[in-house]
Amino acid sequence: MADETDHITTNLGNGADTAPQIALISQYVKDLSFENPNAPAVYQWQDQPQIDVQFNIGAERVADEVLEIALKIEVKAIAPQGTAFAVELLYAAIFGMRNVPEDQIQPFMLAEAPRLIFPFARRVLADAIRDGGFPPLLLDPIDFGALYLQQAEQMEVTTGEPAGHA
């Protein structure tokens, strides 16, 4: 019986926590711009505007175990009469990471982190558009994981380096 106890204690090591951990520390609007250049005439337009949505993901190391992930969303609504509205949102989050293997950091930064903060950015964007006097724009969910894999495959074809490595 004593042998079993010693074996369990030996496997636990010195109590150091070596399991990979990621935690969301904070999220925030870093930049928000709403333009309504044709108000008040725009509210009389009968034509449905064409909506153009662009996304970009930025990642930056703030400290050894801290990353800032920023999701930039740009939306333009253009009707035959002109621009109905234009919105730019830079929504960011700070993540703490500990014991995460280096090859897992990039997939987290470009796929998982944007997936986690997108619903909050989507709400801020919808509120800004609604507050500008337009119906709120509810963006469809985005599969950031599939986009990351697609981009990694394109990079592998272009550079010859294996996908998922920085």
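Analyst: Let's start with Glu-68, which, leaving aside its neighbours within four places in sequence, is in contact with Tyr-28, Lys-30, Gly-58, Ala-59, Glu-60, Val-62, Ala-92, Ala-93 and Ile-94; contact means heavy atoms within 4.5 Å. This is a predicted model, where local features need pLDDT of at least 70, side-chain atom pairs count only at pLDDT 80 or more, and totals for chains, interfaces and linings use all residues. Residues are numbered from 1 along each chain as its sequence is written, and side-chain values use heavy atoms, with hydrogens and water left out.

Two of those neighbours also meet Glu-68 through polar contacts: its side chain pairs with the side chain of Tyr-28 at 2.4 Å and with that of Lys-30 at 3.0 Å. A polar contact here is a pair of N or O atoms within 3.5 Å; within protein, one must be able to donate a hydrogen and the other to accept it, and residues adjacent in sequence count only if both atoms are side-chain atoms. Glu-68 counts as buried because its relative accessible area is 10%, where buried means under 20%, exposed over 50% and partly exposed in between (1.4 Å probe, protein chains only).

Glu-68 sits in strand 3, residues 66–79. Helices (H or I, at least four residues) and strands (E, at least two) are DSSP runs, numbered from the N terminus.

On to strand 4 itself: 13 of its 17 residues are buried, so the rest of the structure largely encloses it. Strand 1 (residues 21–35) is also antiparallel to strand 4, joined to it by 13 bridges. One of its residues, Ser-33, has Glu-88 as its bridge partner in strand 4.

Stepping back, the protein has three helices and four strands, following the pattern α-β-β-β-β-α-α along the sequence. Of its 166 residues, 28% count as buried. Among contacts between residues at least 6 apart in sequence, 68% join residues at least 24 apart.

Technical notes: Pairing = 2+ DSSP bridges.
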